[in-house]
Every structure is written in structure tokens, then in C-alpha cells.
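Subject: Handing over the structure

Hi there,

Here is the structure I promised to pass on to you. Have a look at it first, and then read on for what turned up in chain B.

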Amino acid sequence: MTAITGAAARPGRAVPALASVAVITGRNLRRLIRVPTLLVFATVQPVLFVLLFSYAFGGAIRVPGASRYVDYLLPGIFVLSIGFGASQTGVAIAEDLATGMIDRFRSLPIPGAAVLAGRVVADALRNLFVVALMTGTGAAIGFRFHAGPAAALAAVALAVAAGAAFSWLNLLLGLAVRDPESAGLAGLLPVIILFFTSSALVPVATMPGWLQAFARANPITVITGALRALCLGGPTARPAAEAVAWILCLLAITIPAAVVRYRHAAST
Amino acid sequence: MADAAIVAEGLGKRFGPVLALDGVDLMLAAGGVLGLLGPNGAGKTTLVRILATLLRPDRGRARVAGLDVTGQPQAVRRLIGLSGQYAAVDPFLTGEENLAMIGRLHGLPRRQARRRAAELAGRLGLAGAAGRLARTYSGGMRRRLDLAASLLAAPPVLFLDEPTTGLDPHGRLELWQVLAELSAGGTSLLLTTQYIEEAERLATTIVILGHGSVIASGPPGQLRAQAGGDRLEAQALPGQDPRQLARALAPLGTAEPAVDEAAGRVIMPVTGGAGILPAVAGRLADAGLGVSELALRRPTLEEAFLALTGQPASGPAGQARPAPSARSAR
């Protein structure tokens, strides 16, 4: 009987935010290794993207400012892989809603945002791994950083920051859509549309005029442009500032909206 | 009032056109077991969600373990455990990892969380499976893991929403045993159920909820008397008219017997428990009637509802109001 009722010390304080974020991060990292879909999104897919895009398009596309297509391509593929991977975050939170995990977490003495933040931190660690994996794959077929180690690190940091914005956006989508399959679709569709109407694969100048205005304002163009400047060299201040502004904008909208959604989760 | 585990006053909650709770009052003394009975859509889950701080009521107030659920939700969460309608466990964590995670989120240090996880897994018969992913568990094992998770911080107040749904009879008995031990150890329990037998078996107080209102409440014995006592069920021999049977038995009942002519069956409310059976046998013998089956049982929730309210539990009124459970929206 003591096993059930006694024994456990009951702390009289709220559980600190950082500790709960760390526990939730640990949960998501474990899932990353154990859920087959997540593992594929984090390993096979990034490698395939690098190889398929560079070999299929590399012969046909000549790009300004880069001697090899893979140098031009890789920053765009970073964004694509991270964007695709983030769709699984929307799926996961919708599943947690459907299975009652969110109810359980919400009945615990932890800050409301910890469950979401822990997911974003786990995503950031996954994205670090994905970027490293893609850089390694790219390096094997000729990719090089041309602007020095500091710029290369800044590129990685920018890619991970963009990933955080994608993660929060997908958390919001998953909490709003509620159905795991729809959440996955809702997360992928904008990435697919924005990716192919951006400068990720081809220079904007090669697009028809009516598309160019859209493509230039496209956040994937802006973020890819900044990554490219940091990887290949050239002026970086303005593209980086634009990319950071886009990311901060997205975060400023999605974080509060997702936290409010979470607080009222399942209380339709 | 200081020693009450749960006090609710005038709780109301509306979901769009659906009035889920319409002024619910209830009280559970510390250490007691409250059985919340009601058909689907009665408002049981909504009530539990409000008391467990997951949902804010539109009106009324509630205190759990002496704390206001809307004013001090974080403080309430330190003192409650919740086991919802579905086993809320992560299928891609092992049983022990699931429990340790919840322990850490209750603020236990890593080692203590792990020790407590192993302890509870053992107590709920999951010791051998604690190292396996929860996705390999049977439904009953998931349910027990879910219960273990809700017990991690040894909460003084525990909420269980239809805890035995989906369990086989053996699993149900095991769970009842665990809940009885918890209660004996001083934990206050609120459990929802659709089965009168389950509520009578465990509860010190029963509250019957229908269409968002309390239909009846009190100790099990008192409620059973209000609901017309037990039910005597007699099956006529093949070819015999059940109405003859009904006429012979009618003087023993507390209300008119109901006759199901197609099935050849008579059902009648009676009091006095098994003590009434000799009189039944005597009446049958006097009338020269035989029966192929004779049973004395608790009323079903539907029968109790009918007796207490004069209305069926899930009549047209029930259909006009869709189930208010938040999950129905999924």
C-alpha cells in the first residue's frame, strides 16, 4: 500500500521552467530515434535531397556567383529539409492532443509553454544534426564554405533559427487543425509552395515577371539568400538582417498564438 | 468544509448551443470515494475536466484539496492525479520512461523519479514489462500504466474518468482492488462510470448526473432505495404467457412489473434483497407457474434513471443535446 500512497516526496513548489523543458526535450529526442517516420525525415531524406537535386538539376542549371551548382543549392536544401521535418512537429502535437497526452501534461504543475518549448528545443538539436549531415553529404560531392568559419557558423545558426520559427508555426497548425494527418499536410503544403516559388533551386531572375515579385518577398528566398551569402561570400549584412527580421516576425506571431491555443487545448 | 477533498457550487459550462453543466453542486469529504454516474453526454467528463483545472467553468466555483481550481490552478495540480478516458501514455517510451518523465515533471529528482517509477510499475503488475515500449502493451496494461502515471506524486485527490472502460472482467477486478487500497490509504477518489455496480462497489457517495444536472446524490444504499431497490427478473417457460407471471408476482413489487411479451420476460422493482426469494417461490407455486430463469440484480443505470426522474436516460431530450464531452469534437 505504501507503494501507492506513500513514499514520494511532494515538492511544495512549482516545477522550474527550464527543468520541465529539458524533460520534454528528452522525451522528443527519444521519440526521434524510435519513431521510424521521424528517423527517415532526419536522416535519409536530407541526404536524398542533396544528391537528387544536385545530380538531377546540376547539369542543366548555371547560376551566378557560384562555381558549382551544389554550392548554390545547399543553402536552399537546408531550408527545405528543415521545413519538411518541422511538419512532423505539427503531427506530433496533434497526436498528443488526440491521445490525451496534452490533458495529462496540462494537469501537471509545469508552465504551459514548457511542453511546446521542449519540442522546439528537440527540433533545434535535430536540425543541427540535419545541417551537419547535409553539409557532409554536400562536401562529398564538392560543396565548400567559401566565407570562412565564422560565416559558416552564422549560417548554421541562421538555419537553426529558421527551424525554430517553422517548429512554432507547425505547433500552432497542429493545435489548430487537431487531426494528425491534416496537420502534416497543413505543415508541408506551404513549404512546398514557397520552396518552388523561391530562389532555393534557381535564381529569381529566371522566373516569369509576375512571379518574380512574389519570389523576392518569399521568406524562403530571403532566408536562403542570407544563408547563401554566409556560405558563398559577398555582402551579408542586409540579407542576414532581412532573414532575421522574417524569423522574428514569425516567432512573434506563432509563439503567443501557439501558447494560447495550448492553454485552451481540448476545451472547445 | 476545511477537510473536504472536493467542493463544487453551481458549476455551469456551455459549449456553443450545448449546455454541458447546468449548476452542479457536489461535495466529497477527504478520504471518501465519489462515484459520478451518468449516461454518455451527461456532463461527467466536463465536470472532471473543470475540477482537474483543464477547463474553466462559465459560472460557479470549485475547490479541490481546499484550493480554488480557477484561482490557483498550479497549486491544485500539485495535489491531484488525473487518469482520463483514454490511456495517455507515450507509445514510443518504455513503461518506466513514461513514469519517470511524469515524476520529473512533478519536480522529483532524476533518481527519485526512477525509483518511484519502478515502485509503481511493480505495484500495478507492470514490473516485467517496464522496460518495453508502451506501444507493445495490451489495452489493460496501458490503462494500468496510465493509472500509475496519475499516482506518481502520491496525490491526495485522484480523478478517474471511466477507469474501467475497455478492461476485461479480470482487469476490472484488479483495478477495483487497487482503487480500494488507494482509498484505504487515505486518497480521495472521484471516479466516473456508467455502471451502477462499479459505483456501488467503490463509492461512499454516489452522484447521478443527467443532462448536466445532479439528478440524485447520496450514499449507495439510500440511492438504491430511491431507485426502487433491486430488480427481479423472471423468464416465463416457453409457450407460457408472461402476463400470468406478472400478475402472480405483482404484489411483491414496489412498482408495477414491466412485461416484455416478445421475450417472455417480466422485470419488477423489489426491496429486501435475497430475502424476497422464498416469497417469490411461494407465489409461483400457488399459481402453478414455472420459470426458466429467475434473477435478482441491481437496477441498470437506465432503470435507475427512469425510476428517479420518470424519464429515460437517453431519450429524445438526450439526443437533442449532443454529447458535451470535449473529445466528441475530435
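Let's begin with a sheet. Four strands of chain B make an open sheet with antiparallel pairing, in the order β12-β13-β11-β14. Two strands count as paired if DSSP finds at least two bridges between them, and the strands (E, at least two residues) and helices (H or I, at least four residues) are DSSP runs numbered from the N terminus. At the edges sit β12 (258-260) and β14 (291-297) of chain B, each pairing on one side only. Direction ignored, neighbouring strands of this sheet are turned by 15° against each other on average. Six bridges link β11(B) and β14(B) in the antiparallel sense, and B:E233 stands opposite B:A295 in β14(B).

A helix belongs to this picture too. Helix α9 (residues 242-249) of chain B lies across β11, β12 and β13 (265-270) of chain B, running at about 20° to β13(B). Angles run from 0 to 180 degrees between N-to-C directions, with axes fitted as lines to C-alpha atoms, for helices over the stretch in contact. Contact here means that the C-beta atoms of two residues, placed from the backbone, lie within 7 Å.

Before going further, a word on the source. This is a predicted model, in which local features need pLDDT of at least 70 and side-chain atom pairs count only at pLDDT 80 or more, while totals for chains, interfaces and linings use all residues. Residues are numbered from 1 along each chain as its sequence is written, and chains are lettered from A and ligands numbered from 1 in the order in which they are written.

How confident is the predictor? The complex gets an ipTM of 0.89 and a pTM of 0.86. Chain B averages a pLDDT (the predictor's confidence in each residue, from 0 to 100) of 88, and 94% of the residues score at least 70. Over residues 315-330 of chain B, however, the pLDDT is below 50, and this stretch has 31 contacts in the model beyond near neighbours in sequence.

Now for the other open sheet I'd like to show you. Its four strands follow the order β2-β1-β4-β5 in chain B, again with antiparallel pairing. The edge strands, each pairing on one side only, are β2 (18-29) and β5 (67-68) of chain B. Helix α1 (residues 44-51) of chain B packs on the sheet and touches β1, β2 and β4 (59-64) of chain B, with its direction at about 120° to that of β1(B). Nine bridges join β1 (residues 4-15) of chain B to β2(B), and B:F15 has B:V18 as its bridge partner. The two strands form a hairpin with two residues between them, where B:G16 in the turn has a positive phi of about 55°. Towards β4(B), β1(B) has five bridges, and B:V7 stands opposite B:R63.

Finally, look at helix α11 (residues 301-309) of chain B. Which of its residues are buried? They are B:L301, B:E303, B:A304 and B:F305, where buried means that 20 or more other C-beta atoms, placed from the backbone, lie within 10 Å of the residue's own. They pack against β3 (33-37), α7 (196-202), β9 (205-210) and β11 (230-236) of chain B. Just after α11(B), B:G310 takes a positive phi of about 75°.

Enjoy exploring!

Best wishes

Methods: Buried ≥ 20, exposed ≤ 12 C-beta atoms within 10 Å, placed from the backbone.
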